[in-house]
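Reader: I am new to this structure. Please take one part and walk me through it closely.

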Amino acid sequence: MAAPPTALTERETMRHATTLRLGAVAYDPKVVTIWDGFKAWFARRDLDFDYVLYSNYERQVEALLDGAIHVAWNSPLARVRAARLAGARGAAVRALAMRDTDRDLTSVIVVRADAPIRTLADLKGRRVAVGAIDSPQATLIPLDHLRAHGLQPGLDFEVQRHDLLGGKHGDHIGGERDAARALAGGRADAACMIDGNHLLFVNEGTLPPGMTRGLARTGRYDHCNLTGGPAAPADLVERFRRLVLSMSYDDPEVRPLLDLEGLKAWKEGRVEGYRALEAAVDAARFYDRDGTITCADYRY
Amino acid sequence: MTATAPSPAPTIDIEDLGLDRGAHLLIKRALRELPVGGRLGVRGRAPDLAVHLAAWCRAQGHRAEPAPPPLVAWVIRGSAETGR
């Protein structure tokens, strides 16, 4: 029989309070390498840091609001939900920092180069391939772009979803790649993806060069965000934020980690770039205004 | 004293070569001739060039800014390549 749980010692309690706990979603094995590396880097700068991995963003956001973690490395959709859940409790979350590569992204709606599709209106009655149900860049934002141009998903065109790894908010880009494959294979008439992934999918051979062309491009939006929780110790979080922003690509120790994480520099957090996603979430009824999950088909 | 006009920013014409077919190598080489913060005008007629250029610049730590025709964009050189 296991021994009954014992109370934390005073020293353990003190350590628990002074350790910055960050949550990250395990969408790829490299996540462990990245945060283990950052943990060692923080330790050399006297910041007691640890991280917790979650299998999905929904649990991570709930843990942030409950105080189990102080900071969440959030997808844009997770940032939207965190802000709504906090608002519903009369609290607020804080945008601490983001990667340079998280700013001013666009998504593109791509068709085959030889298709008789010249305008968005030509998509009426056709099949539009999107990524996972919870992908901001390959599903929510592009579908809202089509709505804004008078095309209702599921009514004016067929939405061909490529659900993969629900709850990871499209980070692994597998659903997005499957949407591109559907377009290349003739199973879809258009596909939605982030601008850089159109280039990636051509370069890696998923889309043959010259086979596709962009039909439309969404407005700019922002992607991931280091989000501070409402009850996190302010001094500890501020120290973490300053250290994050001080990371330099010139530092040979941190550079490989930045490369893995896909950035050259951390930037100040900002929230203006989430307006398009907020609107898309409302239009798709993905979350309600209080952050409750209202999308019936969502599994994670 | 005679004021001298600043020299025009250099430009590169990649014609119909897209970034999905290697044009980034030409742009990269042209950027190496510039100091950090220097501007390179890019012109070309490959499909989706503006979209791909913006995405490539973001990933490489450069900045793409709107430019008047016939340029597709100004590329502002970032510092990432100099820090090795």
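**A sheet and its surroundings**

Author: Start with strand β4 (residues 94-99) of chain A, which 3 bridges join to β11(A); the two run antiparallel. A:Met98 stands opposite A:Lys267 in β11(A). This is a predicted model: local features need pLDDT of at least 70, side-chain atom pairs count only at pLDDT 80 or more, and totals for chains, interfaces and linings use all residues. Residues are numbered from 1 along each chain as its sequence is written, chains are lettered from A and ligands numbered from 1 in the order written, and side-chain values use heavy atoms, without hydrogens and water.

Helices (H or I, at least four residues) and strands (E, at least two) are DSSP runs, numbered from the N terminus. Strands pair if DSSP finds at least two bridges between them.

Now the whole sheet. It is open, has 6 strands with mixed pairing, and runs β2-β1-β3-β10-β4-β11 in chain A. Its edge strands, β2 (49-54) and β11 (266-268) of chain A, each pair on one side only. On average, neighbouring strands are turned by 25 degrees against each other, direction ignored.

Helices pack on this sheet. α3(A) touches β1 (20-25), β2, β3 and β10 (225-228) of chain A, and its direction makes about 155 degrees with that of β3(A). Helix α4 (residues 76-88) of chain A touches β3, β4 and β10, at about 140 degrees to β3(A). Axes are lines fitted to C-alpha atoms, for helices over the stretch in contact; angles run from 0 to 180 degrees between N-to-C directions.

Finally, A:Ile69. It sits in the loop between α3 (57-66) and β3 (71-74) of chain A. A:Ile69 is buried, at 2% relative accessible area (buried: under 20%; exposed: over 50%; partly exposed in between; 1.4 Å probe, protein chains only). Beyond four places in sequence, its contacts (heavy atoms within 4.5 Å) include A:Leu22, A:Val52 and A:Leu64.
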